[in-house]
Amino acid sequence: MRIFYLLISIGLLCCTINYSLAAQKHYKYKKSVKTVKVSVKKKPIGKTTSVKSKTKSQRIKHKTASKKSPVKSKNPVGLYPRVSMKSPTVFRGAGLVQLLNSLIRENADTADIGVFVKSMNHGDVLYSKNIYTPLTPASTMKVLTAEAALVYLKPDYRFITQLLTDSKTIKNGVLQGNLYIVLSGDPSLTYSELVDLMQTLRTQQIASISGHVYIDHTAYDQRFYGPDWENEDIGYCYAAPISAAIINHNCLPFKVSPASIPGQIAKIETSPKYFYPYIKNDVITGPSRSRSCGGVRLSNDLSSGLEIDGCLTKGKDAVGLSYVVTDVTEYNRALFRTVLSQMGVKIGGQITFGTAPNNTTMLSYHSSKPLAELVTEMLKKSDNVIAGALFKKVGQIYTRNQGSWENGSYAVSQILARAASVNISGLRNLDGSGLSPSNQVTPSQLMQVLAFAYRHPGTSDAFWDALPIAGVDGTLKHRLTNVAKRVRAKTGTISGVVSLAGYVTTSDKEMLAFVIMVNGNKGMTWKYRELEDKIVTALSQYTRS
């Protein structure tokens with residue numbers, strides 16, 4: 001019986017061993033089949049590829065490549081999206097000061113630099129360097145002109161050009177007396193607007209004037225160019241004369257193109273939007289590829305018309321020119337004589353100059369755009385003619401005397417001192433535009449104006465809207481595009497001078513006012529602008545947290 005149970009146990013043990021061996025064999029077979037299945041998936045079918053197998057293939061390829069080179073790529077081509085791992089730098093108080101100090105040191109050997117940064121939200125000073133040092137501001141001087149004009153004249157102020165007469169009657173179409181054309185120094189006045197104004201004579205059935213036609217341009221003085229303006233600037237439209245008679249910015253654009261046959265007179269193309277005096281054209285067309293043609297020259301004597309001479313090569317493109325009206329008096333006389341003649345209005349006397357008396361009657365008038373719009377054009381385009389006209393106009397009304405550079409300077413300084421509490425000690429505002437290299441202002445004075453303009457309820461909107469916007473318009477349209485729409489500032493550039501003053505919004509939505517003034521070497525404009533842009537970019541990344 002014992003032998004029987006022993007045999008049964010041995011049999012069961014053998015069955016168990018055989019089952020284990022069979023299971024192990026089956027497992028190995030199943031595993032081998034799975035491996036074959038995976039290897040088949042790695043093979044691409046047409047353009048369809050498994051993302052998992054592609055990534056692995058690239059990793060293997062990168063591993064092989066890294067064996068050949070000791071330098072390992074942190075981002076192999078195609079492995080990860082090409083994303084910059086460098087996040088925007090955020091500057092806090094000490095870090096900002098350290099960076100600005102470093103940037104200024106890099107340029108300190110070639111320039112005097114003043115920088116002032118102040119929070120408009122909290123009122124604290126974040127950075128200051130040479131803020132009480134008088135420096136040449138260039139066109140950032142327009143910040144002072146703009147705010148003084150907005151404060152004193154108000155944003156809705158308009159220039160008025162008038163037609164007056166001392167005549168009591170109009171008999172049979174004849175104005176029985178004199179006509180006075182009173183020019184107010186409107187920097188936006190155009191030839192077309194003057195023609196429309198003069199046409200009102202016809203609407204009132206005036207066909208003849210028995211007396212004289214007086215052009216009254218006594219609103220401003222007869223010194224048309226600002227103190228110490230460079231001779232090389234005079235003659236360009238950005239430095240056109242500032243008189244009470246400003247028509248089309250006292251600048252006449254036209255084109256000259258060569259004729260089709262050598263030896264013939266070149267062709268002149270003018271615009272109906274402008275009044276041109278008689279043009280004596282002595283420009284000759286030269287042979288093709290001729291090296292003897294020296295270009296076109298303009299005369300400066302308008303008493304006998306505008307004279308141009310020179311030579312243009314056949315086949316050459318038209319040359320665009322601008323003539324600055326230097327003889328304002330004779331230009332005005334010729335303009336009004338021509339307009340009245342074209343209207344068929346006869347004059348019994350002469351076209352001359354004089355002041356309109358008090359006992360006159362208004363026949364018609366033309367009003368300019370509101371001051372707020374003129375300031376916008378002035379700041380965004382850095383328009384020197386508008387700046388000069390506003391400067392003299394503020395001086396005229398504030399002092400109740402003829403507008404001049406001197407009383408304009410006095411008026412702007414006094415207005416800002418009284419309204420904005422600006423410390424005007426040492427301030428030299430000679431022309432309102434910043435074109436004069438003899439202008440002097442400190443970063444602190446500019447900052448005082450910026451801080452006041454930001455908060456003053458009567459002018460803040462107009463001033464804010466007038467400033468150029470980085471990456472959007474004006475003189476900042478192509479600058480600071482990395483912080484587009486976050487910077488509003490007035491630029492300034494003359495020879496050896498670069499400046500920038502305005503506001504920047506930080507990463508925490510805090511508003512900072514800043515002034516950057518660089519007085520350095522000529523020919524270094526690009527470098528100083530680069531400094532300005534780096535400083536403003538750093539300010540945009542400032543945070544208090």
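Me: Is glutamate 532 buried or exposed?

Reply: The model is predicted, and the values discussed here are computed from it. Burial is read from relative accessible area, where under 20% counts as buried and over 50% as exposed. Glutamate 532 has a relative accessible area of 0%, which means that this residue is buried.

Me: With which residue does the side chain of glutamate 532 meet in a salt bridge?

Reply: A salt bridge requires a side-chain nitrogen of Lys or Arg within 4 Å of a carboxyl oxygen of Asp or Glu. The partner of glutamate 532 is arginine 479, with an N to O distance of 3.0 Å. Arginine 479 lies in the loop between H11 and E18, whereas glutamate 532 belongs to helix H12 (residues 525–540), so the pair ties together parts that are 53 residues apart in sequence. Arginine 479 also counts as buried, at 13% relative accessibility.

Me: Which other residue forms a salt bridge with arginine 479?

Reply: Aspartate 533 does, and the closest N and O atoms are 2.7 Å apart. This pair again links distant parts of the chain, since aspartate 533 is in helix H12 and arginine 479 is in the loop between H11 and E18, 54 residues apart. Salt bridges can share partners, and Asp221, Arg223, Lys392 and Glu406 are joined in this way into one network. The count of salt bridges comes to twelve.

Me: What is serine 540 in contact with, leaving aside its neighbours within four places in sequence?

Reply: Leaving aside those neighbours, serine 540 is in contact with Val483, Arg486, Val504, Thr505, Thr506 and Ser507. Serine 540 lies in helix H12 and is buried, with a relative accessible area of 2%.

Me: What salt bridge does glutamate 377 form?

Reply: Glutamate 377 forms a salt bridge with lysine 369, and the closest N and O atoms are 3.4 Å apart. Both partners are partly exposed: glutamate 377 has 22% relative accessibility, and lysine 369 has a relative accessible area of 35%.

Me: Which residues form a nonpolar patch on the surface with methionine 362?

Reply: A patch of this kind gathers nonpolar side chains with over 30% relative accessible area. Ile160 and Tyr365 form the patch with Met362, and together they have about 280 Å² of accessible area. Methionine 362 is found in strand E17 (residues 361–367) and counts as partly exposed, at 42% relative accessibility.

Me: Where is lysine 316 placed?

Reply: Lysine 316 is in the loop between strand E13 (306–313) and strand E14 (319–324). Lysine 316 is partly exposed, with a relative accessible area of 45%. Distance in sequence and distance in space are read separately: lysine 316 and threonine 285 are 31 residues apart in sequence and 9.6 Å apart in space, C-alpha to C-alpha.

Me: How many helices and strands does the protein chain have?

Reply: The secondary structure comes to twelve helices and 20 strands. Buried residues make up 47% of the 545 residues in the chain. Of the contacts between residues at least 6 apart in sequence, 69% join residues at least 24 apart. The accessible surface of the chain comes to about 28400 Å², and 53% of it belongs to carbon and sulfur atoms.

Notes. Residues numbered from 1 in each chain as written. Predicted model: local features only at pLDDT ≥ 70, side-chain atom pairs only at ≥ 80, totals over all residues. Heavy atoms only, no water. Patch = residues over 30% accessible without salt bridge, like charges linked within 9 Å, V, L, I, M, F, W, Y side chains within 5 Å. Areas by Shrake-Rupley, 256 points an atom, 1.4 Å probe, with all protein chains shown as cover. Helix = DSSP H or I, 4+ residues; strand = E, 2+ residues; numbered from the N terminus. Buried < 20%, exposed > 50% of the residue type's maximum accessible area, 1.4 Å probe, protein only. Contact = heavy atoms within 4.5 Å.
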